[in-house]
Amino acid sequence: MGVMTQTEAGTGTGRRVSEARERLLRTAGQLFYAEGIHTVGVDRLVAESKVTNATFYRHFRSKEELAVAYIASVDQAIRTQIDSLTATDAPPDAVLRGIGASLVEQIRSPGYRGCAFLNAAAEFPDPGHPVHRAVVEHRAWFLQTITGLFAEITVAESEHAGRHFVMVRDGAMSGGYLGDPVLAGETLLRGIDGLLRIHAARGTDEDPASASGRASSAPTAVADIECTPPDA
């Protein structure tokens, strides 16, 4: 997104269409996250994106299709950020702690309204709905990624550790919106720290020195690992 094709880069309608789509998606992300997908109508999306109804339906057959694109855009941003981080030499526990630190920053930020994925799933509870499926696909990837990081520390019970991490993360994201965001963030970091200590200890029989070193790695903040739409 944001990389134009050869046709779009020209001076004809292709470029205007591309820019209009980006405005629609950006506006939808802001409104859907702040107010809910069901609450925001097509007329408002069109008006605030400064496009016509014809332009809207040229790109999206329905508001629900736009909602799927909104979820996909947040998903892709997170995939790109975490893929970039895991491509570095940072140890897996530092990556996990960094993800937690970034979530804390998000939870405490102005305008925070919980996790975009959990919010969308609540609005579309039908497992067969495209929006719900998009949320499930993202969460499956996220769980697989987190589990893989724990497996790099030690394979023993890495699947359990991955599920535990995601559940702690879900609780903190919800608790930070519904309750005290400071306490939710502190609880999240303590939960991750305890989970990493327990998991690293499982690998001591395989490589005591490695497990000990990983457990003591300092947290490294990960920028922009968010479950909310990117800023305009």
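Rings of Phe, Tyr and Trp (its six-membered ring) are paired if their centres lie within 6.5 Å; planes under 30 degrees apart count as stacked, over 60 as edge-to-face and the rest as tilted. By this criterion, F56, Y57 and F60 form one aromatic cluster. The model is predicted, so local features need pLDDT of at least 70 and side-chain atom pairs count only at pLDDT 80 or more, whereas totals for chains, interfaces and linings use all residues. Residues are numbered from 1 along each chain as its sequence is written, and side-chain values use heavy atoms, with hydrogens and water left out.

The structure holds 5 aromatic pairs. One of them joins F56 and F60. This pair is tilted, at 6.1 Å centre to centre and 55 degrees between the planes. Buried denotes under 20% relative accessible area, exposed over 50%, and partly exposed in between (1.4 Å probe, protein chains only). F56 is buried at 0%, and F60 is buried at 1%.

F150 and F165 also pair. Their ring centres are 6.2 Å apart and their planes lie at 70 degrees, so the pair is edge-to-face. F150 belongs to helix α7 (residues 130–153) and F165 to helix α8 (residues 158–178), so the pair ties together parts 15 residues apart in sequence. Helices (H or I, at least four residues) and strands (E, at least two) are DSSP runs, numbered from the N terminus. F150 is buried at 0% relative accessibility; F165 is buried at 2%.

In helix α6 (residues 116–123), the buried residues are A116, F117, A120 and A121. They cover an arc of only 130 degrees around the axis, which puts them on the same side of α6. The arc is that of the directions from the helix axis to the C-beta atoms.
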